[in-house]
Every structure is written in structure tokens, then in C-alpha cells.
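I am starting a notebook on a structure that is new to me. The entries below record what I looked up.

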Amino acid sequence: QADSASAIIMNPFTGEIMAMCSYPDFDPNEYNMVETVKEYNNTGIFDAYEPGSIFKPITMAAALDMGIVTPETTYIDNGEVKIDKYTIRNSDKKANGKKNMIDVLDLSLNTGMIFVVEKLGILKFKQYVENFGFGERTGIQLKSEVAGNIRSLSKKGKIYSYTASFGQGITATPLQMVQAYSTIANGGYLVKPYIIDKVIDKGEEVYKAQTKILQKVLDQRTSTILSGMLVSVVKQGHAKLADVPGYNIAG
């Protein structure tokens with residue numbers, strides 16, 4: 001019963017968009033048979049949304065990369081964190097006690113992400129979020145791409161980085177999330193997505209896409225460690241439905 005959805009498959013090493021589709025959609029042969037003009041939009045690049053918990057690996061990546069935490073680092077989960085007039089709770093509404101960073105991702109603990117971003121610091125957190133490409137268009141060769149919004153990270157007050165650590169109060173497009181996860185998957189490089197592989201004019205190839213690495217975001221070691229932690233999320237954590245027998249799926 002979702003209002004909208006998108007699915008994107010990207011080669012994390014090259015940036016090639018191998019598949020992209022979105023809903024609601026329309027039939028190009030009967031393009032006027034739509035209920036609203038929104039159905040013409042490509043959700044994958046046009047609709048920025050609060051990513052929520054799938055943003056947690058981005059925060060964890062920054063802290064791992066800085067050497068501020070390891071997978072074995074522990075904290076005490078009291079089930080909630082009070083900041084100013086706000087109280088932030090875990091989605092399970094539980095106090096889970098002593099947990100490590102693997103547990104934080106496995107159980108998707110909001111308090112754990114606050115622990116991580118508190119140790120990381122607001123400025124470093126913001127820097128890594130920007131390095132992952134958030135707040136800017138990816139530059140894919142499609143019209144109507146939006147940049148998302150991470151302006152809250154420039155505001156005073158820890159509440160903004162606290163909520164952003166688990167993907168709330170900021171927005172991103174599905175393509176930006178795919179680009180960020182590809183950075184984790186490929187060894188730490190932010191790769192520009194492309195959808196046009198080549199152009200042939202009068203039988204001759206006049207354009208061939210080239211992989212463009214925008215910058216190094218993470219150390220290879222960080223990429224490897226975090227990928228292993230994300231495999232744990234699928235094997236024994238919140239994302240068990242994504243498991244595929246015979247494969248190590250990170251999510």
C-alpha cells in the first residue's frame with residue numbers, strides 16, 4: 001500500500017546505473033492517462049525524503065574511519081536520550097543494556113547512533129555527510145534531479161546531529177543513498193552515477209562513458225569492517241528478509 005517507491009541497481013565500482021524504476025509510473029504509449037502530473041516524476045532522483053535508519057551506516061562509517069569506535073566498542077542503552085526539551089527513544093521502546101556497535105546496527109538502536117555522533121562531534125559528522133555526496137546533486141544525466149537537504153547540520157544545537165545520525169531531519173534521494181552505499185561497497189570511493197553508457201551516431205561511437213571517482217571518502221579497512229557489520233544486520237539483525245542463501249548480503 002505504499003504511495004511511492006523506487007528501485008535502483010548501480011555498479012558500485014563504475015557508477016553504471018544498470019536499472020532504475022519508480023512508482024507511480026505511466027505508460028508512454030498513453031502518457032495522458034494519469035491521475036496527477038506527479039506520475040511523470042522519477043522518484044529515484046526527484047523525491048528527497050527522510051531516509052531514516054538506512055542512514056545509520058553513514059554515521060557509523062564516519063566514526064569507524066576516524067578510529068573513534070570499533071565494532072567492539074560498547075555503551076549502555078537506557079532506551080532513550082534526553083536533549084534540551086526533547087526525548088529520543090529507540091524504535092523498540094526498550095532499554096537494551098550494554099551493547100556494542102555491531103548490536104547498534106543489528107538492532108537499529110537510535111540511542112547507539114547518538115552515542116556515536118556524540119563521540120564523533122558535529123563538525124566531523126557534517127564533513128563526512130557532505131563527503132558522501134549528500135546535499136548535492138549526483139550529476140546523473142537526467143533532468144529534474146534534486147539535491148536533498150542537510151542544512152539542519154549547520155544549525156546550532158546537538159539535537160540536529162542527534163536526529164540526523166539516524167536519518168531524520170535531513171533528506172536525500174534514493175539515488176544519493178545508492179551512491180553512498182556504493183562508497184561503502186567499493187572500498188571507500190564516491191563514484192559518480194551515469195545512465196548513458198555510449199552514444200552512436202551514423203554507425204560510429206561518438207561518446208563512451210568513463211568511470212569518474214569524485215573523491216576518497218573512507219579507508220579500505222573501514223569499508224571492509226563496515227561491510228561485515230552490515231552482513232550481520234542481514235544474517236541476524238533487522239534485515240533478515242534480505243538474506244539470500246549462499247551469499248553474503250550487506251544491508
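Which residues of helix α5 (residues 122–131) are buried? I found F125, K126, Y128, V129 and N131 to be buried, where buried means under 20% relative accessible area, exposed over 50% and partly exposed in between, with a 1.4 Å probe and protein chains only. Helices here are DSSP runs of H or I with at least four residues, strands are runs of E with at least two, and both are numbered from the N terminus.

Before going on, I noted the ground rules. This is a predicted model, in which local features need pLDDT of at least 70 and side-chain atom pairs count only at pLDDT 80 or more, while totals for chains, interfaces and linings use all residues. Residues are numbered from 1 along each chain as its sequence is written, and side-chain values use heavy atoms, with hydrogens and water left out.

Next I looked up the partners of α5. Its buried residues pack against α2 (56–65), α4 (110–120), α6 (158–164), β7 (189–191) and β10 (213–216), contact being heavy atoms within 4.5 Å. Just after α5, G133 has a positive phi of about 100°.

I then turned to α2 and helix α8 (residues 220–236). Their axes come within 10 Å and cross at roughly 140°; axes are lines fitted to C-alpha atoms, for helices over the stretch in contact, and angles run from 0 to 180 degrees between N-to-C directions. On the α2 side the contact is made by P57, M60, A61, L64 and D65, and on the α8 side by T222, I225, L226, M229 and L230.

What does M60 touch, leaving out residues up to four places away in sequence? I listed V69, M101, V104, L105, M113, V116, L226 and M229.

The largest nonpolar core has 43 residues. Such a core is a set of buried Ala, Val, Leu, Ile, Met, Phe, Trp, Tyr and Cys residues joined through side-chain atoms within 4.5 Å. Those with the most contacts inside this core are F55, M60, M101, F125, F132, F134 and L226. α2 gives the most to this core, with six residues. I also found a second, separate core of six residues, M10, I17, I140 and L175 among them.

Last, I checked Q1, which lies in the segment before β1 (5–10). Q1 is exposed, with a relative accessible area of 98%. From Q1 to Q215 I noted 214 residues in sequence and 39 Å in space, C-alpha to C-alpha.
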